[in-house]
Amino acid sequence: MNHLTFTAGPLNGRRIQLMKKEVIIGSLEGTLILEGDKSASGKHAKLTVSKSGVTLEDLGSLIGTKVNGKKLSGPVTLAPGDTIQIGESVATFNSMVPKAPSSPLAFGAVSSSSSAKKEEEEEAATPVLEIHHIDVGQGDATLIQIRNGAGALAYSMLIDTGRTGAETASYLDTLIHKDAFRRIDACVISHYDSDHIGGARAVFQKKYLQDSVCFYDLGVPLDAGDTEYTDYANLAILKDKRQVLPLDTPLVDLHGVKLRCLAYNGFMKSERSGRFWSMSENADVPWADRTSHIPAHEKNHCSAALLLEFGAFRYFTAGDLCGYYEDLVCNYMNFFVADRHVCAWKLGHHGAAEATSPKLLSTFRPRFGVISCGSDNGYGHPAQDTLNRLEKFNESLFKCSYFVTARVVPATGQKFSIGQLPPAGSGSHNQGTVVIRVTGEQARTHAFTVSSKSFPSGTKFNCGMRAYDAKAEDGLKVSTNAAKRKQTPESILLSKKRKEDREAPILTAITQGAQARFGTGTPIQEAWWSAPGVAKHTARIARSARSNYSGEAVRRVQQLISSHQPSITRIESAGALEAFLQKILK
C-alpha cells in the first residue's frame with residue numbers, strides 16, 4: 001500500500017495513505033491540504049497511482065517541487081524511500097506490498113500478482129460488491145467489501161460502528177471464521193452520535209484493521225467537549241490517521257466501484273475554488289467561514305451523505321440526515337448522476353418520520369431499502385409516517401421492497417409509538433443483517449441480490465425503467481401521525497444526563513465571561529443575568545466556546561436567577577447594572 005510519511009511541515013508525524021488514483025497536494029480545500037504551509041501553492045503537485053507505480057509532477061507551483069533534493073522538471077516515478085519536499089513540508093514515500101497469505105482469503109488479504117497474465121485474467125473477470133448492513137440493534141454499522149475479478153477481497157470499508165461495537169465485532173469474527181473478511185482499509189464516521197460511534201473502542205482493534213487504515217470523519221465539531229465525540233477522538237489508534245471527508249475526490253475508486261461524499265457538516269461542493277455550498281444558508285460561501293455554517297442545534301444535520309456507484313448500480317447512505325438537509329442532497333445529486341436514480345439505500349435516521357421524504361422517494365425512485373433499528377426501541381423507529389410513505393410509493397409509482405433489521409413490535413411504554421408494517425405490504429421485519437451483493441454483470445443492468453435471515457440464499461431485484469416525474473412528489477404526501485411522548489423514568493434520566501453533559505462546558509464558559517467582565521461573587525453574577533441585553537452578549541460568549549446549546553443555557557440560568565432573586569430583575573438598563581455593580585463592589 002502506497003503512503004507518505006511527513007517528517008516536516010504542518011503534517012509532521014502523520015502518515016497519509018494514497019487511496020485514490022490521483023492525489024493533488026496543496027493549500028486549497030479538496031487537495032491533500034498542507035494547511036499552515038505558507039510556501040505551498042493552492043494546487044502544488046500531483047501524485048498519480050497506477051499499476052506501473054506512483055508518479056509525482058509539479059503543477060506549475062511558484063517554488064517548485066523537489067525529490068531527493070532535486071527540483072522536478074517533469075513527471076518522475078517515485079521509489080520507496082524517496083524524499084519529497086513541497087514548500088516547508090517534507091515527506092518520505094513508501095510502498096508496502098503484502099505478503100502472500102497461507103490461505104488465499106485469510107483476513108481477506110490479497111496476494112500480489114507475479115505475472116502480467118494473472119493481472120489480465122483478473123481484469124477480464126468481473127468484480128463483486130458487497131454491502132453488509134450489520135444488525136447492531138438501535139444503531140448503524142455498514143461494511144462494504146470489494147472483490148476483484150479473481151474473487152479475492154481487494155478492499156474493505158466500515159461506515160459507523162454501532163452503539164457498543166459488540167454486535168459489529170461479533171459479525172466481523174464470523175466473517176473471519178468463514179475466510180470472508182479483509183481487514184478494514186478505511187473507516188467512515190457519519191456523525192458523532194453514540195449509536196454510530198459508541199462501538200469504536202471495541203471495533204477499532206488491530207485484528208480488524210489494516211496497519212495503514214485511514215479514518216474519515218467530520219473533523220472537530222462545534223461542541224468540541226461533547227462526550228460522545230471526545231470518547232471517540234481520544235482513542236489512541238486514531239492518532240495521525242484521521243482525515244476530514246473530502247468533497248471533490250472519491251473515497252474509493254477501485255475495480256469499477258466509486259464511493260464519494262456528497263455532503264457533511266452541512267457542506268456541499270461548490271464549483272468555485274475556495275468556496276463551498278452552505279446547506280443552512282442555501283448559498284455559496286467562502287471556505288474560510290465554514291465553522292459558522294455548521295448546523296448548530298442538531299448533530300443529525302451534520303451527517304455525511306455518501307453515494308456509491310458500480311456500473312448502473314447506485315447506493316446511498318447518509319447516517320441520520322433528514323428533513324431539509326436530506327432534500328437538498330437529493331437536489332444536489334443532479335451534479336453527479338443525471339437521472340438521480342438510486343437502486344438501494346439505507347433509510348435515513350433509522351426510518352424516522354422526518355427522513356425518507358416524498359422528495360427523496362420521487363427523486364431516487366429506489367427499488368430496495370434497509371431500515372437499521374432496534375426492537376422495541378425508545379425512539380419510535382421506524383415511524384408509521386415513513387412506512388406509510390413507502391407503501392404509497394409502492395402502490396402509486398414503483399415497486400420498492402424494504403427490510404427492517406429488527407423485529408418490529410408495538411411500543412411498550414417507550415417515548416414514541418413504533419410504526420407497524422402492513423401485513424400485505426412491501427416490507428419485511430426481523431431480517432437481521434442484510435447483505436446487498438452486486439456482480440459486475442448485474443451492475444450493467446440495475447440488478448442486485450439481497451440476502452438476510454429470511455432469505456439466506458438471496459433474492460434478486462431489478463430496477464427496470466424508472467422515469468423521473470417532477471409531479472410525483474405531491475402524490476406521496478401522507479397525513480402525519482403526531483408522535484405522543486410516553487417517557488419512562490429511565491429515558492427521562494438518560495435525556496437529562498445527555499443534556500447536562502452538553503451544557504456543562506457552555507455554562508462554564510458563560511460564567512467565566514461574566515467573571516472576566518465584572519469580577520467574582522454570586523450577587524454580581526445574578527445581576528449580570530438579569531439585565532436586558534445581557535442574554536444576547538452571553539449567547540455570543542457561548543458561541544465562541546463552540547457551543548450547540550447557547551440559547552438553552554442562557555434561558556436555563558436566567559430562569560434560575562429570576563425565580564430566586566426577583567428583585568434583581570427590576571434592573572432595566574446597562575447603566576443601572578453598572579451602578580448596581582459599583583454599589584456591590586463598595
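Strands β13 and β14 form a hairpin with five residues between them, and Gly151 in the turn has a positive phi of about 90 degrees. The model is a predicted one, in which local features need pLDDT of at least 70 and side-chain atom pairs count only at pLDDT 80 or more, while totals for chains, interfaces and linings use all residues. Residues are numbered from 1 along each chain as its sequence is written, and side-chain values use heavy atoms, with hydrogens and water left out. Strands (E, at least two residues) and helices (H or I, at least four) are DSSP runs numbered from the N terminus, and two strands pair if DSSP finds at least two bridges between them.

Six of the six residues of β13 (residues 142-147) are buried (under 20% relative accessible area, with a 1.4 Å probe and protein chains only; exposed is over 50%, partly exposed in between), so the strand is largely enclosed by the rest of the structure. In a regular strand the side chains alternate between the two faces of the sheet. In β13, Thr142, Ile144 and Ile146 point one way, and Leu143, Gln145 and Arg147 the other.

A separate description applies to an open sheet of six strands, with the order β2-β1-β11-β10-β7-β8 and antiparallel pairing. Strands β2 (15-17) and β8 (70-71) are at its edges with a single partner strand each, so one side of each has no neighbour in the sheet. Four bridges join β10 (residues 83-86) to β11 (residues 89-95), and Thr83 has Thr92 as its bridge partner.

The whole structure contains 15 salt bridges (a side-chain nitrogen of Lys or Arg within 4 Å of a carboxyl oxygen of Asp or Glu). One of them joins Asp173 and Lys207, with the closest N and O atoms 3.0 Å apart. Asp173 lies in helix α2 (residues 166-177) and Lys207 in the loop between α4 (200-203) and β16 (209-217), 34 residues apart. Asp173 is partly exposed at 30% relative accessibility, as is Lys207 at 43%.

Asp284 forms a salt bridge with Arg272 (3.3 Å, N to O). Asp284 is in strand β22 (residues 283-286) and Arg272 in the loop between β20 (267-269) and β21 (275-278), so the pair ties together parts twelve residues apart in sequence. Asp284 also forms a salt bridge with Arg275, at 2.4 Å between the closest N and O atoms.
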